[in-house]
Amino acid sequence: MTVHEPSRQHDASGDRTDNDWRLFRGDGLARSITFPAPPPWRRFDGAGVEGPRRERPYLIGPAEADVVNAALLLRRPLLVTGHPGTGKSSLAHAVAYELSLGRVLHWPVNSRTTLQEALYRYDAIGRLRETNMRRGPHDGDKAPTEEPGIGSYVRLGPLGTALVPSTPPRVLLVDELDKGDVDLPNDLLNVFEEGEFEIPELARLPEEQSLVRVMTADPDASTDVVRGRVRCSEFPIVVITSNGERDFPPAFLRRCVRLDLPEPDEDRLRAIISAHLNPDGTDADMEGVDDLMRAFLARRARGELATDQLLNAVFLRRGGVKLDAEGLLDAVLHRLGRTV
């Protein structure tokens with residue numbers, strides 16, 4: 001395959017010119033470069049404090065939106081399935097943004113995940129170490145400093161924070177539940193049904209210490225816990241994603257509203273491209289997209305591809321990158337189900 005080089009790549013001094021999209025040349029020479037703007041979906045504010053997720057376009061069909069609304073009205077967890085890249089995780093952020101529900105609480109699940117760490121963590125070792133330090137030798141008649149309260153060593157997890165009384169309710173994303181232990185869905189049943197849980201370390205405290213302020217999963221935030229029990233006032237909006245790697249028990253499925261996200265067709269893909277690359281609402285420039293669309297749909301028919309792979313390809317094409325160069329299109333539109 002012929003490699004098409006952009007015209008006027010470098011000037012006489014070897015510096016990068018405006019028509020050259022390459023930042024790295026692989027020639028071993030150090031140079032100063034100016035990074036161009038990243039894709040809209042890869043921009044960060046750099047504020048250092050995590051706030052609500054920035055607005056990102058999210059488009060689904062009316063039938064799928066109706067299923068989401070059913071889960072909201074029933075106050076039931078929404079179990080979202082579909083191929084990788086169909087927008088399962090992004091759905092939780094879209095709901096939170098459209099309904100002005102603030103920051104999404106994120107619980108990523110893996111094979112070592114337990115229910116307790118999603119509810120709360122108690123740093124008993126840290127508390128013991130801090131207590132011993134404060135009780136250590138002191139100078140003269142100076143009394144030892146006051147021991148820290150137990151609440152300083154209890155932090156609610158994402159699920160525990162979602163169950164803190166809140167109006168309106170919080171949004172909790174339980175990401176890839178099928179990657180967790182086989183018993184984890186059953187462990188969740190009681191919490192989902194009762195909307196509460198107990199922290200034994202706080203429940204055992206004497207009556208005069210019945211109210212304890214603990215940290216939450218939100219940055220620099222805390223809440224009061226009475227007699228070690230956390231109980232929601234409104235059941236949170238729970239979005240559970242699954243890649244279909246394992247079946248869930250019937251008792252768990254019965255308590256969920258199920259949504260299977262289909263792969264977007266060509267019209268939906270064009271709308272997604274326009275929404276992401278033209279966020280100001282102007283008409284999308286679809287020049288040069290047709291051949292990428294054909295390549296994407298043809299490759300997706302043979303194996304799994306994610307929508308954001310097409311977005312990446314279109315963004316590079318608009319930036320002057322020659323995607324027909326040998327190997328580059330394969331690198332961007334690689335099949336997700338293939339061993340690498």
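Tutor: Helix axes are lines fitted to C-alpha atoms, over the stretch in contact, and the angle between two of them runs from 0 to 180 degrees between N-to-C directions. The model to which we apply this is predicted.

Student: How close do the axes of α9 and α10 come, and at what angle do they cross?

Tutor: The two axes come within 12 Å and cross at roughly 125°. Angles of 65 to 115 degrees count as roughly perpendicular and those over 145 as roughly antiparallel; α9 is therefore oblique to α10. The crossing of α9 past α10 is right-handed.

Student: Which residues make the contact between α9 and α10?

Tutor: From α9 the contact draws on Glu266, Leu269, Arg270 and Ile273, and from α10 on Asp290, Met293, Phe296, Leu297 and Arg300.

Student: Which residues of α10 are buried, and on which side of the helix do they lie?

Tutor: The general idea comes from helix geometry. An α-helix has 3.6 residues a turn, so residues three or four places apart point the same way. In α10, the buried residues are Leu292, Met293, Ala295, Phe296, Arg299 and Arg300. Because they cover an arc of only 165° around the axis, they lie on the same side of α10. Arg294, Ala301 and Arg302, on the other side of α10, are exposed.

Student: What covers the buried residues of α10?

Tutor: The cover includes α9 (266-277), α11 (307-318) and α12 (328-332).

Student: How does α9 cross α11?

Tutor: Here the axes come within 10 Å and cross at roughly 55°, which makes α9 oblique to α11. This crossing, too, is right-handed. The contact is formed by Leu269, Ile272, Ile273, His276 and Leu277 of α9 with Thr307, Leu310, Leu311, Val314, Phe315 and Arg318 of α11.

Student: Is Ile273 buried or exposed?

Tutor: A residue counts as buried under 20% relative accessible area. Ile273, which belongs to helix α9, has a value of 1% and is therefore buried. Ile273 takes part in the contact with α10 and in that with α11.

Student: How far apart are Ile273 and Leu311, in sequence and in space?

Tutor: In sequence 38 residues separate Ile273 and Leu311, while their C-alpha atoms are 6.3 Å apart in space.

How values were computed:
Residues are numbered from 1 along each chain as its sequence is written. This is a predicted model: local features need pLDDT of at least 70, side-chain atom pairs count only at pLDDT 80 or more; totals for chains, interfaces and linings use all residues. Side-chain values use heavy atoms; hydrogens and water are left out. Buried means under 20% relative accessible area, exposed over 50%, partly exposed in between (1.4 Å probe, protein chains only). Helices (H or I, at least four residues) and strands (E, at least two) are DSSP runs, numbered from the N terminus. The arc is that of the directions from the helix axis to the C-beta atoms. Contact means heavy atoms within 4.5 Å. Angles under 35 degrees count as roughly parallel, over 145 as roughly antiparallel, 65 to 115 as roughly perpendicular and the rest as oblique. A crossing is left-handed if the near helix is turned anticlockwise from the far one by less than a right angle, and right-handed if clockwise.
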